[in-house]
Amino acid sequence: MLSSLVADRVRLRLQRVGELVGRTGLTPNQLTVIGLFLNGLVGWVTAEGAFRWAGGLLLLAGIFDMLDGAVARATGRVTRFGGILDSVLDRYAEALVIGGLLVWFTRSSAGTVPVLLCYAVIVGSILVSYVRARAEGAGLQLTQGFFARPERIIVLALGLLAERPIWSLWLLAVATNLTVLQRLWLVRRASGA
């Protein structure tokens with residue numbers, strides 16, 4: 001994950017923004033849904049090949065991804081359902097963005113490798129979250145992982161902005177699946193197996 005120093009600074013600033021946004025009447029769940037729609041837009045723009053626009057929109061969508069939790073904490077609206085809704089819609093959001101790349105690659109006859117990379121990235125991204133959910137379901141706290149959602153958003157956005165999405169996909173395909181293995185190792189260690 002992002003270094004704790006950076007994460008703490010971002011969290012503090014987001015908390016302040018969350019308080020302001022909370023005053024507008026927007027609920028955390030509404031922000032989560034808005035974030036999903038923005039990611040759908042990113043997927044569509046990506047499928048059209050407008051990578052720079054997609055990269056900028058992905059960063060904007062990433063703000064909503066972090067803002068819903070900040071508003072929930074600032075307004076005292078943290079709920080189990082909200083947390084589950086956020087996790088589920090985050091998976092859909094990632095699938096929409098990677099799906100946009102998949103559409104672009106199939107339309108542009110880019111070959112098999114980019115398609116397989118999209119597959120590896122989405123599987124890795126889903127499993128990173130799945131391992132955490134299963135660990136927490138077993139009573140083990142698991143927040144570690146060197147390539148969580150914020151890192152994935154940043155890497156993909158940078159690749160889109162640079163118009164080099166395949167570079168990002170290579171990094172994401174390797175890093176997400178290594179994170180799955182890292183989390184499994186952490187769970188094994190924590191469970192004493």
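Let me start at Gly76. This glycine follows helix α3, and its phi is positive, near 70°. Keep in mind that we are looking at a predicted model.

Now the helix before that glycine. Helix α3 has 25 residues. From its first C-alpha to its last it reaches 36 Å, which is close to the 36 Å expected at 1.5 Å a residue. Where does α3 bend? The bend is at Leu67, and it comes to about 25°.

Arg189 belongs to helix α7, which covers residues 165–191. Is Arg189 buried or exposed? Arg189 has a relative accessible area of 54%, and the cut-off for exposed is over 50%, so Arg189 counts as exposed.

A pair of aromatic rings is described by the distance of the centres and the angle of the planes. The count here is one aromatic pair. The pair is formed by Phe51 and Trp104: the centres are 5.5 Å apart, the planes are at 85°, and the arrangement is edge-to-face. Why does this pair tie together separate parts of the chain? Phe51 lies in α3, residues 51–75, while Trp104 lies in helix α4, residues 80–107, so the pair links parts that are 53 residues apart in sequence. The partners can also be described by their accessibility. Phe51 is buried, at 9% relative accessible area, whereas Trp104 is partly exposed, at 28%.

There is another tryptophan to look at, Trp167. Arg164 lies over the face of this ring, 5.4 Å from the ring centre.

You will find Arg149 in helix α6, residues 149–161. How accessible is Arg149? Its relative accessibility is 11%, and buried means under 20%, so Arg149 counts as buried. Its side chain makes a polar contact with the side chain of Asp65, at 3.0 Å. Which residues does Arg149 touch, if we leave out those up to four places away in sequence? They are Asn39, Asp65, Asp90, Arg91, Ala93 and Glu94.

To go back over the main points: α3 bends at Leu67, Phe51 in α3 pairs with Trp104 in α4, and Arg149 in α6 is buried. That is all from me.

Methods
Residues numbered from 1 in each chain as written. Predicted model: local features only at pLDDT ≥ 70, side-chain atom pairs only at ≥ 80, totals over all residues. Heavy atoms only, no water. Phe/Tyr/Trp six-rings, centres within 6.5 Å; stacked < 30°, edge-to-face > 60°. Helix = DSSP H or I, 4+ residues; strand = E, 2+ residues; numbered from the N terminus. Buried < 20%, exposed > 50% of the residue type's maximum accessible area, 1.4 Å probe, protein only. Lys NZ or Arg CZ within 6 Å of the ring centre and 35° of its normal. Expected span 1.5 Å × (residues − 1). Bend = angle between axes of the 7 residues up to and from the residue. Polar contact = N/O pair within 3.5 Å; in protein donor to acceptor, adjacent residues only side chain to side chain. Contact = heavy atoms within 4.5 Å.
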